[in-house]
Amino acid sequence: VKPTSRSTWCAHRVRSVKRNEKRSDRPLKRKYEEGEDKATNEDANEIAKMNAMVTGVRSVLSHPRYGKNYKKTSIPKATAPSFDGKSRLSLPTSKRNQCWAVHASEQKDKPPSYQTSATELEALQRLSVVVPDSHLGYINESPAAASAGSAVLCSLMQGSADMREMEGMVHAALSSGGCTQEDEEERFSCFADRAVVNVGASFASRVTGKVTTEVDPMLATDAEAMVQNAHRLLDMYKECGVDKEKILLKFPATYAGIRAIKVLEQEGTSCLVHLVGSFVQVAAAAQAGASVIQISIGRIRDWYRQNPGAIRDPQGPREDTGFESDYDPGLALVKKAFNYTRCFHPKTRVMASGIRKKSDALNCAGCDFIVLGEKVLEELANSDTASGYNDSLSITDGSIQFDSVNPTMSVDMASEDEFKDWEKQSIDKGIFEAKMDDAGQELLVQGIKSMATSRGDLVTIMKKRWPPPNM
């Protein structure tokens, strides 16, 4: 038996719809002939179903893949309804065809062809905000956000195409008259802050969202000093004409850093906490009102690979017994952080970073922010989904997914998660230190050490360029 082609099927479907159109008019015609000038709500519901079916056929015929042979096909076009204020649909008796009066866009049920075609990247962007993990000097389009810090500035100055621009920002920082501290280290630390702000101000005019700016990592254990450093950064941004609404200050997930975040968030300053490797850091930061909690999936995964004896899944069997689990502690922490913030602190957003594979990106679908590198972005952009290519015209309630990218995180999923009693309590210093696991502690120490090294490198660069040419 020769299989029926898609085009032939569409033609049969059109004829079937037209026959049903004529049949659906008969009950209404009898009512009009009997003197009734208004259709009941039951009639309107039947009309809505038929109208949605026609809309589905029209969508398939208009698709470039199937519609080229049916340009002359005529299908009744829906028009907007008129209501008489009594929950009954008024239908003119003189124009029988206006029984197709319920507009398809007003229906809760939409045909599958309502969705447009999309790549995996486009489908992912429908669920999460995708942030490119790239320096602005190497991308053509303006990204949603950018990051300014010691490591960023040092990397841009090491032989990049933007070195001349970066040199100008360093010289401008050294020439500024705001850093007058007597202590040499404090003065050059101020110069380093000024250089970072100059870079951040340049980024602020080129991104659609916020510019993340790190607070001096040398102050990671001093909450009061971090607050003062944050105020200085904001004042410098203000001098550059950048409002604090455009800035997202970045703090390490130490207990002191989280205390500083609480003070600044109460003042209206948006803050991001990073170097998070343990759930107690997530809970404490969310309770402090942090705007964003950033979790690096790659770094957490690396730590567990380097420490095979550590227990990956607290709820699963020990791996040293020979049991192999696909449980990923980094992904698990991102999902638990998302569920926790949605249940108890909905203002706080979760950012997944350190994503090195396409599968990791898809497993984070639904997370507030996903930071992706150029390689993963390209893989997603080159992968098509089934969206827009449908096999039926049945009316659905939206529960069926036509994308290959489905959310792994949502408010409904969050409501089903369970949390321990201490996780719902206020996190003080004692609980913070007691519940911090080895992964969280070591990742925090390693991260601060790396950032402090970059900060020291930047201060060294400032010293080598002192005094500036114009002084």
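**Helices on an open sheet**

Helix α6 and helix α17 are roughly perpendicular to each other, a label used for angles of 65 to 115 degrees. What I am showing is a predicted model, where local features need pLDDT of at least 70 and side-chain atom pairs count only at pLDDT 80 or more, while totals for chains, interfaces and linings use all residues. Residues are numbered from 1 along each chain as its sequence is written, and side-chain values use heavy atoms, with hydrogens and water left out.

The two helices first. α6 covers residues 184-204 and α17 covers residues 438-464; they pack at an angle of about 100°, with axes 9 Å apart. Axes are lines fitted to C-alpha atoms, for helices over the stretch in contact, and angles run from 0 to 180 degrees between N-to-C directions. Helices (H or I, at least four residues) and strands (E, at least two) are DSSP runs, numbered from the N terminus. On the α6 side, the residues that meet α17 include Phe-188, Phe-191 and Val-196; on the α17 side, they include Arg-455, Leu-458 and Met-462. Contact here means heavy atoms within 4.5 Å.

Next, Ser-150, which is in helix α4, residues 150-157. Is Ser-150 buried or exposed? Ser-150 is buried, with a relative accessible area of 0%; buried means under 20%, exposed over 50%, and partly exposed in between, with a 1.4 Å probe and protein chains only. Leaving aside neighbours within four places in sequence, Ser-150 is in contact with Val-196, Glu-214, Ser-454, Arg-455 and Leu-458.

Now the sheet. Eight strands form an open sheet with parallel pairing, in the order β3-β10-β9-β8-β7-β6-β5-β4. Two strands pair if DSSP finds at least two bridges between them. Which strands are at the edges? They are β3 (129-132) and β4 (146-148), and each pairs on one side only. Inside the order, β8 (residues 292-296) and β9 (residues 349-355) pair over five bridges, and Ile-293 stands opposite Val-350 in β9. Helix α11 (residues 329-344) packs on the sheet, touching β7 (271-276), β8 and β9, and its direction makes about 170° with that of β9. α17 comes back here: this helix lies across β5 (211-214), β6 (247-252) and β7, at about 115° to β7.

Last, the core. The largest nonpolar core has 105 residues, and those touching the most other members are Leu-124, Leu-249, Phe-251, Ile-295, Leu-372 and Met-462. A nonpolar core is a set of buried Ala, Val, Leu, Ile, Met, Phe, Trp, Tyr and Cys residues joined through side-chain atoms within 4.5 Å.

Notes: Parallel < 35°, antiparallel > 145°, perpendicular 65-115°, else oblique.
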